[in-house]
Amino acid sequence: MTRLIRAEAVKLRNTRTYRLLALGALALIAAGVAATSLTTSYAGGMNPVRGTLALAGLAQTFALIAGALAVTAEFRHKTITQAVLITPRRTPLLAAKVAAFTAAGLAFGLLATGAAAAIALPVLASRHVASHIDGVHLAGIVAGGGVATALAAALGVGAGAVIRNQAGTVVTVLGLLYVAEPLLGFIPHAGTAVQTYGLGGLASGATGTTGFPASAHLLGQVPAALVFAAYALAFLVAGAALLRRRDIAA
Amino acid sequence: MATWPTRRRVPVRDLGVMIAPHELGPRPGPRAGAAPNRPPVLPAIEVAGLSKRFGPAVAVHDLSFTVSYGRVTGFLGPNGAGKTTTLRALLGLIRPDAGRALIAGRRYAGLASPFGTVGALLDAGAVHPGHTGRDHLRVLARAAVVPVGRADDLLAKVGLAAAARQRAGGYSLGMRQRLGLAAALLGDPRILVLDEPANGLDPQGIRWLRDLLRSLAAEGRSILVSSHILAEVAQTVDDVVVISGGRSVAQAPLEQLAGPGSSLEDVYLELTGNPNGDPS
């Protein structure tokens, strides 16, 4: 298993796409957090820190895409063939990807959320906006950012293994996060469940930041992370079962 | 022993009995090569009664043949004959509907060290375009627990040392074939399965490939190689397996199939039901 995780680590390090995704996410988060903390009035009872750091949730979106690419690129470039020839039992192959990308996701989530906090807090302080948050809760948000990003990467690996097609996976994931969930959230009654238990709501809950809409009822950090982990596990189990069963015919 | 297929249209020469090449032993002369110290009893590759459908399409039907050590076996057939399906079934990539495909007496997934037993080149395009040739091999080496330095040795062996640090996306088809061959050789396997390895190679590359395959067979390795380039096959292989429409139509040593007055091409076209070479 260690050998497979090492191989995945080499791929992660040497593939430009992942570097570009990470840099793109960091740039967007930094710019978004800086602009928001400089300009927002934080009316309506929203906690300024939790509201601003919600933007660091982009790290989870990018990790989800990176995890999906980890699997779909193997099919797109047909490198899955050599991978399966080296490791005929296909489940460890997927497990190694999950391990490598979950670890990378954790590190990236901590970095992205930590960087967002490092930008937001001084800016808010300079504007004399009371943050209403102590060190312990801030640490919880950063840790939650790490955990949620790691889980998002794992979910991406599972979704990639289920769908396989690269464009199809990315469009499905982005469509779900940014179109389907926000729209479904407006359905009376049922919409509140989507706001809480949809991927966006769970990510916000796990990071302890403000959800969408800001009035959304979210689970606590630990329960949200557990439900998120259950989603990721469900996709991974389905992906592993399909990977075992499917022919690799081209 | 399998019965002779009904599609055979060649005149009966000495093909009346299907002869598994491993039963013949090494041929005398320069192609016989150095036999391994202890010749294995099992054939390197054994395909028996293999069948596979994709939906309504029959890809392979009741296909049987064997491949022995120390020899290069040409695997021939028209486009869509089922060659790639057979090779993929052999390597555990697709699940046959019936029959068995064994390597060194075992299913691929049952091999103790699959990558060290059989090396395969199935698709020269199977490389991430953003990775350098060196990175590609190093990833495989890490996963297969092969010393990473062997990747550099093999890049030199296949003539890619100068291009090792270039992204594979910029490689020509010939360069990708060479990289694929290096990947196949990474585990130092005794058995090689190569699908159209000569595609995209220039004349120097084809000569290089022929010499490489001959030298690998001379070391006692078993090589199963599919190809459409019959003139090249005739110069490279010891044995020939011909399939058509997913069925076996001939298996014999090359000199028994193509003798004086009939080239491998003539025999192949007759065996595959198109003696005039008309487009189908």
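Predicted model: local features only at pLDDT ≥ 70, side-chain atom pairs only at ≥ 80, totals over all residues.

A: Residues are numbered from 1 along each chain as its sequence is written, and chains are lettered from A and ligands numbered from 1 in the order in which they are written.

Q: Which domains does the assignment give for chain B?

A: Domain bounds come from an automatic or database domain assignment; for chain B these are domain 1 (1-104 + 190-275) and domain 2 (128-189).

Q: How many residues of the two domains of chain B are in contact?

A: Two residues are in contact if their C-beta atoms, placed from the backbone, lie within 7 Å. In chain B, 11 residues of domain 1 are in contact with eight residues of domain 2. On the domain 1 side, β6 (191-195) and α7 (203-218) of chain B each supply at least two residues, helices (H or I, at least four residues) and strands (E, at least two) being DSSP runs numbered from the N terminus. The largest share of that side, three residues, comes from β6(B).

Q: How many residues of chain A and chain B are in contact?

A: Here 26 residues of chain A are in contact with 29 residues of chain B. On the chain A side, α1 (2-14), α2 (16-39) and α5 (80-86) each supply at least two residues, and the largest share, seven residues, comes from α1(A).
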